[in-house]
Amino acid sequence: MTAVALLLGYSATVSCSTGSVGPAAPSPGLGSSGPPAPITSTPTPGTGETKPGIALTAVPRPDGSFDVTENLMLPTATDILPVQLPASGEHLPGMMARTTPRVTNLKLLADDQSVRLENTTLTAADYIPLTAAATRIQLTYRLSGSTVRALPLPSPSTRAAAAIRPLTAGTDSTLPTDLTVTGGLLNAVCPLMTETRCAVGDPPDLTIQPDIPAGKALVVLQLDLPR
């Protein structure tokens, strides 16, 4: 019987290989009705959104103000939020002129829930109480009074310098902070860091160094304002 089985196996092999010119394509698996589903990758965690840190996006306006969105994610929940404005420009490199930063139209979400604010205008450091302890906080606001415009030579210029800093930078000075300016950025200096130039790349694709510790995330921008 062993001999018969070997003979049958050999015959089947010869029958299948007769006339073939190369390896046959693999057959689809059982129950397969089409090409395999694409492999999806997990998005990279984002500072201030999916991992602890602060992510600030500033949209410059023609008058030198900024529309700002600030996302904060904390390692532990808090029910009170310290906030602070950018420093005046009188002692900042690239500005050297007194400024009076002011926040208006402030709105706040804590763990996706709107927080009612008694005051939506900030002119100095303050503390904002939350209705419940939260780890994810989003602020939106208008920052004005933090920009010094270049002198008109000889016509009105869009060139300006401005100081920005997350309102929530004082929550935890060690939090990694990413700052994004959506257009017109020409240079960036971080006067509180050892290496003060914190611009990365070249215009028009210039960005600001990521993962700056929140306690040092004061940035002086050189930029062309939109017309």
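This is a predicted model: local features need pLDDT of at least 70, side-chain atom pairs count only at pLDDT 80 or more; totals for chains, interfaces and linings use all residues.
Visitor: Which residues does Leu 108 touch, leaving aside its neighbours within four places in sequence?

Guide: Its partners are Leu 81, Gln 113, Ser 114, Val 115, Leu 117, Ile 128, Leu 130, Ile 137, Gln 138 and Leu 139. Each has heavy atoms within 4.5 Å of Leu 108, so each counts as a contact.

Visitor: Why is the set around Leu 108 and Ile 208 called a nonpolar core?

Guide: A nonpolar core is a set of buried residues of nonpolar types, joined through side-chain atoms within 4.5 Å. The largest such set has 47 residues, and Leu 108 and Ile 208 have the most contacts inside it. Strands E1, E2, E3, E5, E7, E8, E9 and E13 each supply at least two residues. E5 (126–144) gives the largest share, with seven residues. Apart from this core lies another, of six residues, among them Leu 92, Met 95, Leu 218 and Val 220.

Visitor: How do you know that E7 is largely enclosed?

Guide: Buried means under 20% relative accessible area. Five of the six residues of E7 are buried, so the rest of the structure largely encloses this strand. Across the 227 residues of the protein, 34% count as buried.

Visitor: What makes E7 and E13 a strand pair?

Guide: Pairing takes at least two bridges. Six bridges join E7 to E13, so the two strands pair, and they run antiparallel. One of the bridges sets Arg 159 against Asp 224 in E13.

Visitor: Why are E6 and E9 called edge strands?

Guide: The open sheet has four strands in the order E6-E7-E13-E9, with antiparallel pairing. E6 (147–149) and E9 (185–189) each pair on one side only, and these are the edge strands. The twist averages 15° from one strand to the next.

Note on methods:
Residues are numbered from 1 along each chain as its sequence is written. Side-chain values use heavy atoms; hydrogens and water are left out. Axes are lines fitted to C-alpha atoms, for helices over the stretch in contact, and angles run from 0 to 180 degrees between N-to-C directions. Buried means under 20% relative accessible area, exposed over 50%, partly exposed in between (1.4 Å probe, protein chains only).
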